[in-house]
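The structure is shown first, and the points follow by topic.

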Amino acid sequence: MLSKYSEVKWESQKLAINYFRVAIILFLANLLFGLLAAIQYLYPNFLFEIIDFSINRTLHINALVVWLLYAMIGAVYWMLPEETGIETVGIGLGKLLFYILTAAIAVVVLVFLLIQVGAGDIKSIWLINEGREYLEAPRWADIGIVVVVLGFLANVFLTAFKGRRTGILTVLMFDLLALAGLYLAGMFFTKNISMDQFWWWWVIHLWVEATWEVYVAAVVGWGLIKTLGANRKIVEMWIWIELAMLFGSGILGLGHHYFWIGTPEYWWEIGALFSALEPVPLIGMFVHVIYDWGKQAGKQHEINNKPAFAWFVVNTFGNFLGAGVWGFMHTLPQINIYTHGTQWTPAHGHLAFYGAYAAILIGMMYIVVQGKYGIRQMRFTAAGKWGISLLTIGLIGMTMALTIAGYQQSMIERAEFGSTWAGYFAAQNSHWMLQAMGWRLAMGVVTMLGFVFLFKDLLTIGPKLKAEEAAGSTANANAPAGAAATA
Ligand code: HEM
Ligand code: HEM
Ligand SMILES: [Fe+2]
């Protein structure tokens, strides 16, 4: 697909494109397995013992985490040469690691599909499934991932030290180091389930509510410079503020997962206070985009990549709503005691992951397409508009359905029945629940349709606009010649 049109000069950016290609395929897997799981909610016998709910769910959320990580690594390899002004150091190693990682992931997926049930022991932890939600990959794959990530970090650090080290890059370097280091917290085993959960949350919470958010702040900043020509000094000022606020609230905000897992009660206060502060930096990120846009609009600058910018806007709103508002709704222990582990949780989880991470990385895909084909002005195509609209409507629709389901669970199962077994079944069988699950499935189909348009657009927009621009410039080039001839 690196066709004659390709304008990519840097090897680092070619590698980035490969990372994005795998990311989009895993995004498809993310959606497909989600749809299967959603069907099984309504028809529990669907594919029973062929591909069980537990496996669909595992593949759904692991594909999500892995596609986001692939796109994140891809975005860094894309930005590196532009920021540093030099080719990425150790790019040969980078390419090798890409193939090793991709092969390892393919093996893990196959093992998940082929061995769905069996004993859980030390051997299965090493070879089949580690059993930790979101990080189910077996131990051998964990170690492989650590090696690959160390190689990636080495490339980023060596390149940044050799070339130009900008503020954006400096933030990213520290952030990636923390992000990779945190993975280790999910890799050792303790027999005490409370202790095990204590460490497991370090990966998942400190990723999505601290290190990944800082990553997004840096990438949005970079994206705004690219698409709007925003002032680097202003952008970097914001990134440092967001960095301080995100780490300030996100690290101890971890306490909102320690309410009911057997940790000391002081986590109620710590979790309540710091997690309630977490929406503040998200407002900061919101203001950041709007402010830079406003500053730029004053200068009558054109947005040179409309789809990317539109995805940045979805990211800003989605991050604020999904993580900030939907997170805040259930973050106080007084509320969480009723909502914990109900459909409220995936309502928040879906909108937050989509808004905060999927959206920004899709925006980056459009920047990559623009760079790959050397397009001056990226406009929206019809497919692009359908893609962004249907994906966003689908995700919001699913979130609404799940919120209603969660609300009735909190009311019936928790408040009315006092968290009894009978209460659980009363809530599961309530017509609110069944209707909500129906709507979730319908909105999941809308999401999938949106993906189809997005996929088509990402494959075709580049050659299409490139051809248009080429035709436009020959027309322009002909115009003066023609004018001279008539004169
Ligand atoms: C982009 C950032 C975020 C993402 C991607 C995200 C995602 C998630 C996900 C997937 C879960 C479910 C975890 C599980 O499987 O048990 C979760 C739980 C939770 N999140 Fe977030 N979250 C984000 C930010 C926030 C923020 C800012 C807050 C608070 C203001 C928050 C509050 C919570 C709470 C309280 C829970 C526990 C729910 C329960 O008790 O069942 N989250 N989050
Ligand atoms: C076709 C669209 C989708 C459908 C039908 C769907 C369906 C589902 C289902 C059935 C579950 C299991 C819920 C449970 O265990 O009760 C789930 C979990 C989850 N999905 Fe999706 N999903 C879709 C798209 C997405 C997307 C696009 C994202 C992220 C960007 C996502 C993120 C998640 C997360 C984080 C969880 C775990 C939530 C938790 O444990 O609280 N899903 N999804
Ligand atoms: Fe959290």
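In the class counts below, Ala, Val, Leu, Ile, Met, Phe, Trp, Tyr, Cys and Pro are nonpolar, Asp, Glu, Lys and Arg are charged, and the others, Gly among them, are polar. The model is predicted. The domain assignment of its chain gives domain 1 (1–164), domain 2 (191–289) and domain 3 (302–468).

**Ligand 2**
- The shell around ligand 2 holds 12 nonpolar, eight polar and one charged residues.
- There are 21 residues around this ligand, and G34, A37, G349, F353 and G444 come nearest.
- Two or more residues each come from helix 1 (11–42), helix 2 (53–84), helix 13 (344–373) and helix 16 (431–486).
- Domain 1 and domain 3 each give at least three residues to the shell around ligand 2.

**Ligand 1**
- Ligand 1 is surrounded by 22 residues, of which A323, G327, G349, A352 and A356 are the closest.
- Helix 7 (193–228), helix 11 (306–329) and helix 13 each give two or more residues to the shell around ligand 1, and helix 13 gives the most, with six.
- By class, the shell around ligand 1 has seven nonpolar, 12 polar and three charged residues.
- At least three residues of this shell come from each of domain 2 and domain 3.

**Contact between domain 2 and domain 3**
- The centres of domain 2 and domain 3, taken over C-alpha atoms, are 19 Å apart.
- Domain 2 puts 24 residues into the contact and domain 3 puts in 26 residues.
- On the domain 2 side, helix 7, helix 9 (266–277) and helix 10 (279–298) each supply at least two residues, and helix 7 gives the most, with nine residues.
- That side of domain 2 has 16 nonpolar, five polar and three charged residues.

Notes:
Residues numbered from 1 in each chain as written. Chains lettered and ligands numbered in written order. Predicted model: local features only at pLDDT ≥ 70, side-chain atom pairs only at ≥ 80, totals over all residues. Near = placed C-beta within 6 Å. Helix = DSSP H or I, 4+ residues; strand = E, 2+ residues; numbered from the N terminus. Domains from an automatic or database assignment. Contact = placed C-beta atoms within 7 Å.
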